[in-house]
Amino acid sequence: MTTYHGILNLYKPAGVTSHDMVSRVRGILREKRVGHAGTLDPAAVGVLPVCVGQATRVVEYLSDARKVYCAEIGLGLTTDTYDGEGVVTAVNDVPDFSLEEIERAADNLRGPIMQLPPIYSAIKVGGQPLYKAARAGTAANIEIQPRPVEIHRLTINAWVRPWLRIWVDCSKGTYIRSLAHDLGQLLGCGGFMHSLVRVQSGPFHLSRSVTLEELEAAVQAGRVEDDILQPLDTVLGEWPAWIVDDATATRLRQGRNLSSSHPGWRLNPETTHDYPFRRVYTAEGDLLALLEQDGNEWHPAKVFTFE
């Protein structure tokens, strides 16, 4: 049986959960070690990076990556879930806003902001996901804390009353549903997220995503590694790279710290900038380890084996 290691740039359709996608990949590849990087709501579509095999050990770095979304917002309605799946809690007339008026309201949501997550979300408070408390009717007893996020870019692409289309380039942890809700509140008429497409997650773009059906076809043709699976270091492109000799590779496999002056290093000349992390490759070009700075030494935080 083939063992796979790498990242899939999958297209998630509407109506399935991110967990459903992971389960399908496990079955298609016959691989237990599968995990996604960044949940998409069931109604949302778009890029869902899925890590397989040893790549599950870099999920945290991919989850930290910036995301790009295209969202359609309906003004005049407010729902308890901040999207079209919830119960309508308020209905208001929508004024004939000028684009300039909407831009001024959106200015309050650009840059570093404190965002209040939706009550219907997977964020845990006291060990319980918020959506479970909301469904149980006990959400009123929970104080939700706003969280720092950064909206690097918020562009209004279309405005035809009452529908608004926006593109958002944002940090991890951003809820586009909350942006839709908050923009509606700022405009004074309410708003909800009608649809959402994740266009990009880190280095993975919608234009190069593949469906589960395409993954199944690649398995049948024996072309998964050649055509679909991305190397796990795809998400580590900003990390400087070191190449090591065989003796140094052995030391790292043993989990031993090494000093930055160790003679076994050879710095990749294209990545000489300072950074508290390093990718390490063997002389044959295989990814060996990820190092974290530990005082004057480097600690092998993750060591990879691909057998």
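Exposed here means over 50% relative accessible area, buried means under 20%, and partly exposed lies in between (1.4 Å probe, protein chains only). By that rule R30 is exposed, at 63% relative accessibility. The model is predicted: local features need pLDDT of at least 70, side-chain atom pairs count only at pLDDT 80 or more, and totals for chains, interfaces and linings use all residues. Residues are numbered from 1 along each chain as its sequence is written, and side-chain values use heavy atoms, with hydrogens and water left out. Helices (H or I, at least four residues) and strands (E, at least two) are DSSP runs, numbered from the N terminus.

**Backbone geometry**

- Most residues other than glycine have a negative phi, and most peptide bonds are trans.
- R30 has a positive phi, near 55 degrees, and is not a glycine.
- The loop between helix 1 (18-29) and strand 2 (34-36) holds R30.
- Y82 is not a glycine either, and its phi is positive at about 70 degrees.
- Y82 sits in the loop between strand 5 (77-79) and strand 6 (88-91).
- Y82 counts as buried, because its relative accessibility is 14%.
- The peptide bond between R161 and P162 is cis, with omega about 5 degrees.
- P162 belongs to the loop between strand 10 (147-160) and strand 11 (163-170).

**Two buried strand residues**

- N9 lies in strand 1 (residues 6-12).
- N9 has a relative accessible area of 6%, so it is buried.
- The N9 side chain makes a polar contact with the backbone oxygen of R208 at 3.4 Å.
- A polar contact is a pair of N or O atoms within 3.5 Å; within protein, one must be able to donate a hydrogen and the other to accept it, and residues adjacent in sequence count only if both atoms are side-chain atoms.
- Contact in general means heavy atoms within 4.5 Å.
- Setting aside neighbours within four places in sequence, N9 is in contact with V47, L48, F204, H205, R208, S209 and V210.
- S201 is part of strand 12 (residues 191-201).
- S201 counts as buried, because its relative accessibility is 0%.
- With neighbours within four places in sequence left out, S201 is in contact with A37, V47, P49, L62, R66 and K67.
- L62 and S201 are 139 residues apart in sequence, and their C-alpha atoms are 7.9 Å apart in space.

**Salt bridges**

- A salt bridge is a side-chain nitrogen of Lys or Arg within 4 Å of a carboxyl oxygen of Asp or Glu.
- The count by this rule is nine salt bridges.
- One of them pairs K172 with D64, with the closest N and O atoms 2.9 Å apart.
- K172 is in the loop between strand 11 and helix 5 (176-187), and D64 is in the loop between helix 2 (59-63) and strand 4 (67-75), so this pair ties together parts that are 108 residues apart in sequence.
- K172 is partly exposed at 45% relative accessibility, and D64 is partly exposed at 42%.
- D169 and R66 form another salt bridge, at 2.9 Å from N to O.
- D169 lies in strand 11 and R66 in the loop between helix 2 and strand 4, so the pair ties together parts that are 103 residues apart in sequence.
- D169 is buried at 11% relative accessibility, whereas R66 is partly exposed at 45%.
- R110 and E103 also form a salt bridge, with their closest N and O atoms 2.6 Å apart.
- R110 is partly exposed at 24% relative accessibility, and E103 is partly exposed at 26%.
- A network of salt bridges links E103, D107 and R110.

**Helix packing**

- The axes of helix 3 (residues 99-106) and helix 5 come within 9 Å and cross at roughly 120 degrees.
- Axes are lines fitted to C-alpha atoms, for helices over the stretch in contact, and angles run from 0 to 180 degrees between N-to-C directions.
- Helix 3 and helix 5 are therefore oblique to each other.
- Angles under 35 degrees count as roughly parallel, over 145 as roughly antiparallel, 65 to 115 as roughly perpendicular, and the rest as oblique.
- Helix 3 and helix 5 cross in a right-handed sense.
- Helix 3 contributes E101, I102, A105 and A106 to the contact, and helix 5 contributes L183, L186 and L187.
- A crossing is right-handed if the near helix is turned clockwise from the far one by less than a right angle, and left-handed if anticlockwise.
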